[in-house]
Amino acid sequence: MTRDRDTRVLRELVGTHGETFAQEAGITLKDTPQPLYRLLVLAVLLSARIRGSVAVATARALSDAGLRDPRRMAGSDWQERVDALGRGGYRRYDERTATQLGDGAGLVAGRWGGDLRRLREEAHGEVSALRGLLREVPGLGPAGADIFLREVQRVWPEVAPYLDGKALSGARRLGLPEDPGRLVELAGDTEPAVLAAALVRAALDRHVAEECLEHVA
């Protein structure tokens, strides 16, 4: 009975909240330089103490401003970045983040030639090494690295399944097992990146969890 209940909870959660954050930000994630860089920027934005909806809107605003790759980001004027962040509603952290985005773009362009697949190669497919390299990007701390890895597992299969502490806290809120392997098994054909995003949404918003549980009661 517990397995059946857990399966139904996950099916309801994923069916309602299974959009990845990259999808919400308008990023069609592929293992190519520009989408990977846009995901990196999104991870920087989401890692600040600001509403996820604002971070997503800001990622779209930066893209609309043409700041979709490290070369354009690094070559942009600081005020241009501040203005784009402001248009997305990212005002509390706009000046600091504008500096971090410029510095981060310079790092990605200089160290990995603007191609995060080279970061992947440098890590030799090891998740801990990937996480360490990501944390060298300005503005991308432990939380930001986790965000990037949760999403990028969709195109970097060696990362999967990546269900970090935030995702597992969502599982706990839903009364689900907190073992990543068990959750993936219960989720069936659901992609780990989609499962992770849905669980994170439950962790971030108790109403998501409450509504999900109500529907399967």
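Visitor: Where is H124 found?
Guide: H124 sits in the loop between helix 8 (116-122) and helix 9 (127-134). Helices here are DSSP runs of H or I with at least four residues, and strands are E runs of at least two, numbered from the N terminus. The model is predicted, with local features needing pLDDT of at least 70 and side-chain atom pairs pLDDT 80 or more, while totals for chains, interfaces and linings use all residues. Residues are numbered from 1 along each chain as its sequence is written, and side-chain values use heavy atoms, without hydrogens and water.

Visitor: Why is H124 called exposed?
Guide: Its relative accessibility is 68%. Exposed means over 50% relative accessible area, buried under 20%, and partly exposed in between (1.4 Å probe, protein chains only). H124 therefore counts as exposed.

Visitor: What is the phi of H124?
Guide: Phi of H124 is near 55°, a positive value in a residue other than glycine. Most residues other than glycine have a negative phi, and most peptide bonds are trans.

Visitor: Which peptide bond is cis?
Guide: The bond from A160 to P161 is cis, with omega near -5°. P161 lies in the loop between helix 10 and helix 11 (165-173).

Visitor: Why is L134 called buried?
Guide: L134 has a relative accessible area of 1%, so it falls in the buried class. This residue lies in helix 9.

Visitor: What does L134 touch?
Guide: Leaving out residues up to four places away in sequence, L134 touches L40, L119, L140, A145, F148 and L149. Contact means heavy atoms within 4.5 Å.

Visitor: What is in contact with F148?
Guide: Its partners are L36, L39, L40, A43, L116, L134 and W156, leaving aside neighbours within four places in sequence. F148 and L199 have the most contacts inside the largest nonpolar core, which has 74 residues. Such a core is a set of buried Ala, Val, Leu, Ile, Met, Phe, Trp, Tyr and Cys residues joined through side-chain atoms within 4.5 Å. In soluble globular proteins, nonpolar side chains tend to be buried together.

Visitor: Which helix gives the most to this core?
Guide: Helix 3 does, with 10 residues.

Visitor: Why is helix 3 called oblique to helix 10?
Guide: Helix 3 and helix 10 (residues 142-152) pack at about 140°, with their axes 8 Å apart. Angles under 35 degrees count as roughly parallel, over 145 as roughly antiparallel, 65 to 115 as roughly perpendicular and the rest as oblique. The helix 3 and helix 10 pair is therefore oblique. The axes are lines fitted to C-alpha atoms, for helices over the stretch in contact, and angles run from 0 to 180 degrees between N-to-C directions.

Visitor: Which residues of helix 3 and helix 10 meet?
Guide: L36, L39, L40, A43 and L46 in helix 3 meet G144, I147, F148, E151 and V152 in helix 10. By class, that contact has eight nonpolar, one polar and one charged residues. Ala, Val, Leu, Ile, Met, Phe, Trp, Tyr, Cys and Pro count as nonpolar, Asp, Glu, Lys and Arg as charged, and the others, Gly among them, as polar.

Visitor: What makes helix 11 roughly perpendicular to helix 13?
Guide: The axes of helix 11 and helix 13 (residues 192-204) cross at roughly 65° and come within 7 Å. That angle places helix 11 roughly perpendicular to helix 13.

Visitor: Is the crossing of helix 11 and helix 13 left-handed or right-handed?
Guide: Helix 11 passes helix 13 in a left-handed crossing. Left-handed means that the near helix is turned anticlockwise from the far one by less than a right angle, and right-handed means clockwise. The crossing of helix 3 and helix 10 is right-handed.

Visitor: Why is P138 called partly exposed?
Guide: Its relative accessible area is 26%, so P138 is partly exposed. P138 lies in the loop between helix 9 and helix 10. P138 and Q100 are 38 residues apart in sequence and 5.3 Å apart in space, C-alpha to C-alpha.

Visitor: How do you know that G110 is exposed?
Guide: The relative accessible area of G110 is 65%, so G110 is exposed. Its place is in helix 7 (residues 94-112).
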